[in-house]
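Good morning, and thank you for coming.

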Amino acid sequence: MLRRFAVLFSLVLSATVVATPAWAGTESEFVSRMNSARTSNGLPAYPVRSDLTSVARRQAARMAAQNRMYHNPNLGSEVSGWRNVGENVGRGPDVASIHNAFMGSASHRANILSSVFTEVGVGTARGSDGQLYVSQVFRRPSGAVYTPPPPTTTTRVYRPAARRASRSAPRAPLTPPTRKRVVVDPLPGRLRDAWRAFRRERPVDPIDRAVEYIATNRTVSGAVPLP
């Protein structure tokens, strides 16, 4: 099955669109979708101007009569009292598909969401090929003063910094670090005590010390009672 897609062109002039019956319902739907997109992006809605609508309808009728799409070569002369003027033209099966194609195209979307243009006129016509043709004409009047859009603000969430304790505030007593208990084998101390008890503080020579040390070991081990 052959699928129909919206085809479109965009034109903007910064110093630079007869008539078959217009489709008023489709024209108002284009304006509604266009202004809905503008308000969703924080922009004022375009007011519709009758002279721009007449220019757009004539261009839509010409395109529909020829079953082809092209920009109005006389846009700059047919539109009066402009400082900036632009045009979107498109072709498709219905309003929704053409509008979605406009919004998916950077140049067409720029005209719809422009902060320079302040007025619009939309004209539509149905060709013998069954396609809907549309012309959207944008204008900024020659005497209009450009007002830039308000800057986008980002909401910041305030989080108070953690408060430090005052120097004069009482502080909790410091707990000394807990040391691991070391268990010492008592044998060396018992050997020393047994040695002293055995020799009774008598001086001995190295040989006697060795003999007595052996005897001390025997005493500590319980082989003989302490003297």
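Let me begin with a definition: a charge sits over a ring if NZ of Lys or CZ of Arg is within 6 Å of the ring centre and within 35 degrees of the ring normal. Please keep in mind that the model before you is predicted. In it, Arg38 lies over the face of Tyr46, at 3.8 Å from the ring centre.

I turn now to the rings themselves. How many aromatic pairs does the count give? The count comes to two. Tyr46 and Phe138 form a tilted pair, with 5.7 Å from centre to centre and 55° between the planes. Tyr46 belongs to the loop between α1 (24–40) and α2 (50–66), whereas Phe138 belongs to strand β4 (residues 132–141), so this pair ties together parts that are 92 residues apart in sequence.

Are these two residues, Tyr46 and Phe138, buried or exposed? Both Tyr46 and Phe138 are buried. For Phe138 the relative accessibility is 0%, and therefore this residue counts as buried.

The other pair is that of Phe117 and Phe138. Their ring centres are 5.7 Å apart and their planes meet at 25°; because planes under 30 degrees apart count as stacked, this pair is stacked. Phe117 lies in the loop between α5 (106–112) and β3 (119–126), and the pair links it to Phe138 in strand β4, 21 residues apart. Phe117 has 6% relative accessibility, so it too counts as buried.

To conclude, ring pairs link Tyr46, Phe117 and Phe138 into a cluster, and Arg38 lies over the face of Tyr46.

Conventions. Residues numbered from 1 in each chain as written. Predicted model: local features only at pLDDT ≥ 70, side-chain atom pairs only at ≥ 80, totals over all residues. Heavy atoms only, no water. Phe/Tyr/Trp six-rings, centres within 6.5 Å; stacked < 30°, edge-to-face > 60°. Helix = DSSP H or I, 4+ residues; strand = E, 2+ residues; numbered from the N terminus. Buried < 20%, exposed > 50% of the residue type's maximum accessible area, 1.4 Å probe, protein only.
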